[in-house]
Amino acid sequence: MADSKAPLLNTTAISVPLPLSDKRVDLKALNTALSSAQTREKALKVFQYTAKLAGYILLKAAGEWASLGKHCDALAKNLSTARRLFKFMRWWKHFEDIKDARAEKNRSVARLLFLDIACNLAADISEDFTSLEKVGILRKGTLPARTEYYSNWCQLVLAVVEIFVSIVKEKRAREKATPGATVEVHRKLAMAQLELSKYVADLVKAFWDCELSFASELAFCTSGLWAAFVSTHKYALRALK
């Protein structure tokens, strides 16, 4: 007779490889990753832009799909609001980057890093002000009508600066990734390239948020989803180190 105490499903045996690492995501690793607020917030971002893209497609299809499209669009907005609760006060972490900026030997790059810190602070603090009204801490109408619009412009400027910083990091990683370099070195290059693509996606997304005439809603949805996947992968790796 089979052992009645044996588990119906051995969840510890189920695992998938985490790209660009030697890690495998099993139940324990998943719980470890999800214990990180940043990983959970980025995972919510994946769901948000998946819902946004689905809503866009379904609303374009119209007909009987329009109702479901409206639901997906509303879901995306609710998930965006939920993510704001995770992001409150995250601007404090940028002060940790001052040490690296001071240690940078190339003065031009050092100035770029200090500019990056300043832009991150401006973008995150302005987003916090917007969030106060979005999540209901402040009553609607308390903040000026265009507060979120100007906050989005901070995000656009930040994306441009982050692209230049990422280009420098990618170039340095590529110089080290010679044919005889270790797997770890080549992985760092791939991560640098992914990060650069993420900031390009952020810029495309910011075009729509800033209501620029050439912006595309479809590009907004797809770039937001790509950025969400890259960020989730990045923070999952950090959580599992």
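Visitor: Why is W208 called partly exposed?

Guide: Its relative accessible area is 32%. Buried means under 20%, exposed over 50%, and partly exposed lies in between (1.4 Å probe, protein chains only). So W208 is partly exposed. This is a predicted model, where local features need pLDDT of at least 70, side-chain atom pairs count only at pLDDT 80 or more, and totals for chains, interfaces and linings use all residues. Residues are numbered from 1 along each chain as its sequence is written, and side-chain values use heavy atoms, with hydrogens and water left out.

Visitor: What makes W208 and F220 a tilted pair?

Guide: Rings of Phe, Tyr and Trp (its six-membered ring) pair if their centres lie within 6.5 Å; planes under 30 degrees apart count as stacked, over 60 as edge-to-face, the rest as tilted. Here the centres are 6.3 Å apart and the planes 35 degrees. Therefore the pair is tilted.

Visitor: Why is F220 called buried?

Guide: Its relative accessibility is 7%. That is under 20%, so F220 is buried.

Visitor: What makes Y49 and F220 edge-to-face?

Guide: The planes stand 65 degrees apart, with 5.7 Å centre to centre. The angle is over 60, so edge-to-face applies. Ring pairs link Y49, W208 and F220 into a cluster.
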